[in-house]
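Please look over the sequence and the structure below before reading on.

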Amino acid sequence: MNVENFGASERLVNAAYVRQGAQGRRAHELRLRALLEQGKCPEDGWDESTIELFLHELAIMDSNNFLGNCGVGEREGRVASGLVARRHYRLIHGIGRSGDISAVQPKAAGSSLLNKLTNSIVLDIIKLAGVRTVTSCFVVPMATGMSLTLCFLTLRHKRPKAKYIIWPRIDQKSCFKSMITAGFEPVVIENVLEGDELRTDLTAVEAKIQDLGAENVLCVHSTTSCFAPRVPDRLEELAVICANYAIPHIVNNAYGVQSSKCMHLIQQGARVGRIDAFIQSLDKNFMVPVGGAIIAGFNDSFIKDISKMYPGRASASPSLDVLITLLSLGESGYRQLLKERKEMFSYLSSELRKLAEVYNERLLNTPHNPISLAMSLESLNEHNDMAVTQLGSMLFTRQVSGARVVPLGSLQTVNDYTFKGFMSHTNNYPCAYLNAASAIGMKKQDVDLFLKRLDKCMKTFRKEKNNGKDVSEVGNCNKDTCLGETKD
């Protein structure tokens, strides 16, 4: 209510009580005012009532919620289900216009304000996470792969002769398909093995640029966050190569916002060389539903060009989800999540190393990977070719999600390109292994339960081996026979 309405209320309720209510309302409004004036994530998280008040205020600024609205067009924010309308807080119009996803929508001042605020708050969080010189970003309602495609399509207009994308290999299908979908030919650069780690072959990257001709290369497509034993690309060196040859550089930073090391690599790469854009997932970094990403960079003009490449308007759901989440957490809450993730990584690393030693395996030495870990499975692989994949099946049956087992020598064809040793990021990694990651939101009890279940599965294989049985017999087991007690 405004001042006049509070004044009118004093005719019905004691004026002192009304003034107290007005002061309570004023406390909410001061938070909203600070957000609108500063465009930054609040230091402390908001309570749900303040967030819902804010969203309601935004919604009534959209034409579909005007009391006297008379819509005679084909897209007037009509929604058949009240449940759907409430799910979206009656913010129905989406974001952007037909020519620019970041443009203001005349029919939807509230949704447009939501879009602008979300982009501003997300930019603030990216700086907080470590890329302090980033200048521009926007939330796009597509996951990481399609967002990469949008960046490549934007570069097509700037480099019309280019047909190749140089890509240090990472065995993740959407990364590869993002280049194919955009109509370009990926040039796969195999990684080099240094100890247990798979690292960027800088010599091969530069040699391939010289071989193809810099003018024929659309960009270098590098990666930060990845599954061990692959580690983040050598971003600083790649950025220098790109600057020297005047080639754009697009970084897949899928779940790298949660890692200070990944963000530091991007910051340093932009400082010493060239990084045109870096893309990160909303769900992996901010614990919201799948369906959104952030495209960010150091040149406002280029990031704006990408937003203009998006055809038509877009769903506001990813922007709404991340706005609600960041207002709930505040800067302090998000910083705490980042701190806890690092602590869980150290704990997972320590405990997984201990478990590996029990079974004569080892935690692979991958100090340059700040999120993912890998434990060798050499004894399983030596005993039976199927044992490694059966371990993965057993873990999945035991409701362990996210862990991956990587056997030796598997083949995978993606868009007519065959990868040998798929999932291991190289043709011939020395051993089979299991992956586990410490991602944002993970708790100590998650780590403990994972290790307990992994231990039970490994015991099953050791028992079968010691009894002289074929370990493949385990493949048809159920929870009780494979994993012992099931009450946890």
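Arg 75 counts as partly exposed because its relative accessibility is 32%, where buried means under 20% relative accessible area, exposed over 50% and partly exposed in between (1.4 Å probe, protein chains only). This is a predicted model, in which local features need pLDDT of at least 70 and side-chain atom pairs count only at pLDDT 80 or more, while totals for chains, interfaces and linings use all residues. Residues are numbered from 1 along each chain as its sequence is written, and side-chain values use heavy atoms, with hydrogens and water left out.

**Arg 75**
- Arg 75 is found in the loop between α3 (48-59) and α4 (82-87), with helices taken as DSSP runs of H or I of at least four residues and strands as runs of E of at least two, numbered from the N terminus.
- The UniProt record, an unreviewed entry, places the feature "binding site" at Arg 75, although such annotations may be inferred rather than shown by experiment.
- Not counting residues up to four places away in sequence, Arg 75 touches His 93, Gln 105, Lys 107 and Arg 313, where contact means heavy atoms within 4.5 Å.

**Pro 248**
- Pro 248 lies in the loop between α9 (235-245) and β7 (249-252), and Pro 248 is buried, with a relative accessible area of 2%.
- Among the residues that Pro 248 touches, leaving aside those up to four places away in sequence, are Leu 155, Arg 159, Cys 242 and Asp 276.

**α9 and α10**
- Leu 235, Glu 236, Ala 239 and Val 240 in α9 meet Leu 265, Ile 266, Gln 268, Gly 269 and Val 272 in α10.
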